[in-house]
Amino acid sequence: MQGIYNLPDGPKMPLFVRLMQFIFQPLEYVEGLTKNYGDSITVWGNKGTPIIYFTQPQALQQIFTADGSCLDAGRTNRGLSFLFGTNSLLLLDGERHQRQRQLLTPPLHGDRMRAYGETIRTITRQVMESWEIDKPLVIRESMQEISLRVILQVVFGLEEGQRLEELRQLLSSLLDFISSPFMSAATFFDFFMKDFGAWSPWGWVLRQIQKIDKLIYALIQERRTELNQNRQDVLSLMMSARDENGEAMSDAELRDELITLLVAGHETTASALTWAFYWIDRLPEVRQKLLTELATLGENPDPTTVTKLPYLSAVCQETLRIHPIVMSATPRVVRSPINIMGYDLPEGAVIVPSIYLAHHREEVYPQPKQFKPERFLEKQFSPYEYLPFGGGNRRCIGLAFALYEMKLVLATVLMRFQLSPTNKRSQRPVRRGMTMAAPAGMRMVVKPNSYKRELTVLKS
Ligand code: HEM
């Protein structure tokens, strides 16, 4: 395709060098692209496929509002079918994608969040019980423990017990392994993804997935025969959902969507929470404003009231702006030629809507490297300027859930503790699979906070 079409300019360095930088220095990679080539950049992929990064709000609007039949996104995730299966929302396109979205949306809709609030708060308190005052903890691990337990209870409907523990351990070790930068690099090479037995890296991955599947299918069977018809977990709601033809989801579809929600939903939220604690401690005025806002609520406020607090909401928004957990929305493959920003993109070209670069545009967010929640109190940004959850017909289905969980966990922790990084140097995000996370070694010391004192002052 190279040379025939009118495409934006971009780097000419060898694919391997670019790939290594994309994996090991992802921020430097995209920042370099826009610094050297501007708002729209073409990089050339394997087999001469043009991959075009777009960063301006106008371009993102054109992409997200384009006719769904012109662009495919599921196709670019096919390499993940070893984990998600072939029925996952992430891998589907066209009508099948639409059908799965219709079935999955109601249980994750904003109105349902009320039912999940108490569970989120209880789990946060349980995890906090294991924290020791003045002792450092690896904050990302603690946040992952919370978000994984939340997903297992809210989505799978699993109560504390052996099965929850077994699934939790299998998933944690699997995700830790496949999310390492080494594995991210390895999956680009076909020979690595071969099963040479249980002791080979890929053989181990496949066997872990088999063990997880066994537990999930057993759970689905159990749920089918269960007498309790009033269950409110996402799995039960998915099982009772029907499409336009009155059809329910098959066991394989349920399995694939459960794994999808679990993987897409837990590390993302945990990383966002980790960054929020990092900024809250770095900027005492932000922390103070949050505590003052929380102090207006009393000691055991209704979860939904907490999630409506304006400053808390702005802190979450700014966290996801400055550190979008997913650097770009799912790449879209052009199915029929389309014009974006004056460029004629041919069939087969790949479009990358860059969330990170959109969130760091100086003219939209003055001083973009600074953490300023006030931006979100002063201005309403368009969905093409602010897009931590992507957009269009692929926008994150867990948006409401993630924000609800973030706010409740933050409020519950801050009402009791202050978390301070042991290392005061500023931290850069690192790749963790498809997401950008805080460095694994980031530790925070747990201290009791002044919230109770402030509450007393405000009441007197
Ligand atoms: C802070 C947390 C989260 C962030 C930053 C995030 C971000 C994203 C982004 C950027 C996309 C791609 C959208 C696009 O291509 O336009 C996405 C898709 C998706 N997310 Fe999330 N997500 C988060 C939490 C969750 C949660 C909690 C769940 C489920 C419980 C979830 C489930 C999904 C699914 C299933 C998709 C695929 C949607 C589709 O292809 O139709 N995510 N997410």
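## Ligand contacts

In this predicted model, a polar side-chain atom of arginine 394 is placed 3.0 Å from an oxygen atom of the ligand. The elements that contribute two or more residues to the shell around the ligand are helix H5 (94–108), helix H12 (251–282) and helix H18 (399–414), and the largest share of that shell, six residues, is supplied by H12.

The ligand is surrounded by 26 residues, of which the closest are His97, Arg101, Thr330, Arg332 and Cys396. Sorted by class, the shell consists of 14 nonpolar, nine polar and three charged residues.

## Aromatic pairs and a cluster

The structure contains twelve aromatic pairs. One of them joins tyrosine 278 and tryptophan 279, whose ring centres are 5.1 Å apart and whose planes meet at 80°, so this pair is classed as edge-to-face, the class for planes over 60 degrees apart. These two residues, together with Trp275 and Phe371, form one aromatic cluster.

Are the two partners of this pair buried or exposed? Tyrosine 278 has a relative accessibility of 1% and therefore counts as buried, and tryptophan 279, with a relative accessibility of 11%, counts as buried too, because the cut-off is under 20%.

## Charges over rings

Two arginine side chains are placed over aromatic rings. The charged end of arginine 321 sits over the ring of tyrosine 365, at 5.0 Å from the ring centre, while the charged end of arginine 431 sits over the ring of phenylalanine 22, at 4.5 Å from the centre of that ring.

## Cysteines

How many disulfides does the model hold? The count comes to zero, where a disulfide would require a pair of cysteine sulfur atoms within 2.5 Å. For cysteine 316, the closest cysteine sulfur belongs to cysteine 396 and lies 15 Å away, which is too far for a bond; cysteine 396 is also listed among the closest residues to the ligand.

Cysteine 316 has a relative accessible area of 1% and is therefore buried, and cysteine 70, with a relative accessible area of 15%, is buried as well.

Technical notes:
Residues are numbered from 1 along each chain as its sequence is written. This is a predicted model: local features need pLDDT of at least 70, side-chain atom pairs count only at pLDDT 80 or more; totals for chains, interfaces and linings use all residues. Side-chain values use heavy atoms; hydrogens and water are left out. A residue is near a molecule or strand if one of its heavy atoms lies within 4 Å of it. A polar contact is a pair of N or O atoms within 3.5 Å; within protein, one must be able to donate a hydrogen and the other to accept it, and residues adjacent in sequence count only if both atoms are side-chain atoms. Helices (H or I, at least four residues) and strands (E, at least two) are DSSP runs, numbered from the N terminus. Ala, Val, Leu, Ile, Met, Phe, Trp, Tyr, Cys and Pro count as nonpolar, Asp, Glu, Lys and Arg as charged, and the others, Gly among them, as polar. Rings of Phe, Tyr and Trp (its six-membered ring) pair if their centres lie within 6.5 Å; planes under 30 degrees apart count as stacked, over 60 as edge-to-face and the rest as tilted. Buried means under 20% relative accessible area, exposed over 50%, partly exposed in between (1.4 Å probe, protein chains only). A charge sits over a ring if NZ of Lys or CZ of Arg is within 6 Å of the ring centre and within 35 degrees of the ring normal.
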